[in-house]
Amino acid sequence: MNMVEAVRSVLTQYVGFSGRARRSEYWYWVLATILAGIVVSVIELSLGMGSNTSGPLSSLLNLALFLPGLAVTFRRLHDTGRSGWWIGGFYLGLLIFGIVIAVLFGASLGSEADTNVAASMGVVAVIFGLGAIIYGIALLVFLCTDSDVGPNKYGSNPKNEGNYDIFE
């Protein structure tokens with residue numbers, strides 16, 4: 001599978017969370033989204049739309065590519081015999097982290113014990129940060145892992161062959 005085929009495959013399954021995605025499909029998609037982001041950033045900078053933060057075109061691109069990126073990640077994890085909820089757990093962890101920090105920050109606004117709340121926020125940030133790094137490394141290993149040969153509980157591999165990936 002080349003990059004054009006991979007992008008076409010991902011976009012035709014825009015929110016398809018079931019099935020399997022080859023390693024080449026996933027990594028060509030990642031490369032294509034990085035290249036698209038660079039092109040959009042250059043356009044924004046040349047038009048004076050961007051500064052230190054992302055501009056409106058980058059935001060639209062990220063919004064448009066989020067769901068297909070999430071879907072192909074689910075399918076890639078399925079191809080290795082893992083649940084797509086491994087990536088869902090990562091986003092759930094980020095959500096919980098945000099809520100905990102918001103609660104602690106809200107508690108620090110009307111509190112006399114600002115140093116205790118700030119220390120609590122720091123400890124929580126370090127714990128969640130280390131957990132996110134470890135979890136992220138595990139996800140990267142899973143996404144780089146060879147596909148399951150033959151069918152698994154998420155379906156058969158796309159070509160119903162043994163080793164079929166260009167990265168073999």
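Predicted model: local features only at pLDDT ≥ 70, side-chain atom pairs only at ≥ 80, totals over all residues.

Reply: Tyr91 counts as partly exposed because its relative accessibility is 37%, which falls between the 20% limit for buried and the 50% limit for exposed. Tyr91 belongs to helix α4, which runs over residues 85-109. Setting aside neighbours within four places in sequence, Tyr91 makes contact with Phe66 and Leu70. Ala132 is 41 residues from Tyr91 in sequence, with 9.9 Å between their C-alpha atoms.

The largest pocket holds about 380 Å³ of space. Its lining is made up of 17 residues, and those closest to the centre are Trp29, Gly69, Leu70, Thr73 and Tyr91. Two or more lining residues come from each of α2, α3 (56-79), α4 and α5 (114-144). Helix α3 gives the largest share, with seven residues. Sorted by class, the lining has twelve nonpolar and five polar residues, while charged residues are absent.

Helix α2 covers residues 23-46, 24 residues in total. From first C-alpha to last, α2 reaches 35 Å, close to the 34 Å expected at 1.5 Å a residue. Trp29, one of the residues closest to the pocket centre, is among the buried residues of α2. Just after α2, Gly48 has a positive phi of about 75°.

Terms used
Residues numbered from 1 in each chain as written. Heavy atoms only, no water. Helix = DSSP H or I, 4+ residues; strand = E, 2+ residues; numbered from the N terminus. Expected span 1.5 Å × (residues − 1). Buried < 20%, exposed > 50% of the residue type's maximum accessible area, 1.4 Å probe, protein only. Contact = heavy atoms within 4.5 Å. 1 Å grid on protein atoms, 1.4 Å probe; cavity = no way out; pocket = protein on both sides within 12 Å on 5 of 7 lines; lining within 4 Å. Points joined across faces, edges and corners; volume = space filled by probe spheres on them. Nonpolar A, V, L, I, M, F, W, Y, C, P; charged D, E, K, R; others polar.
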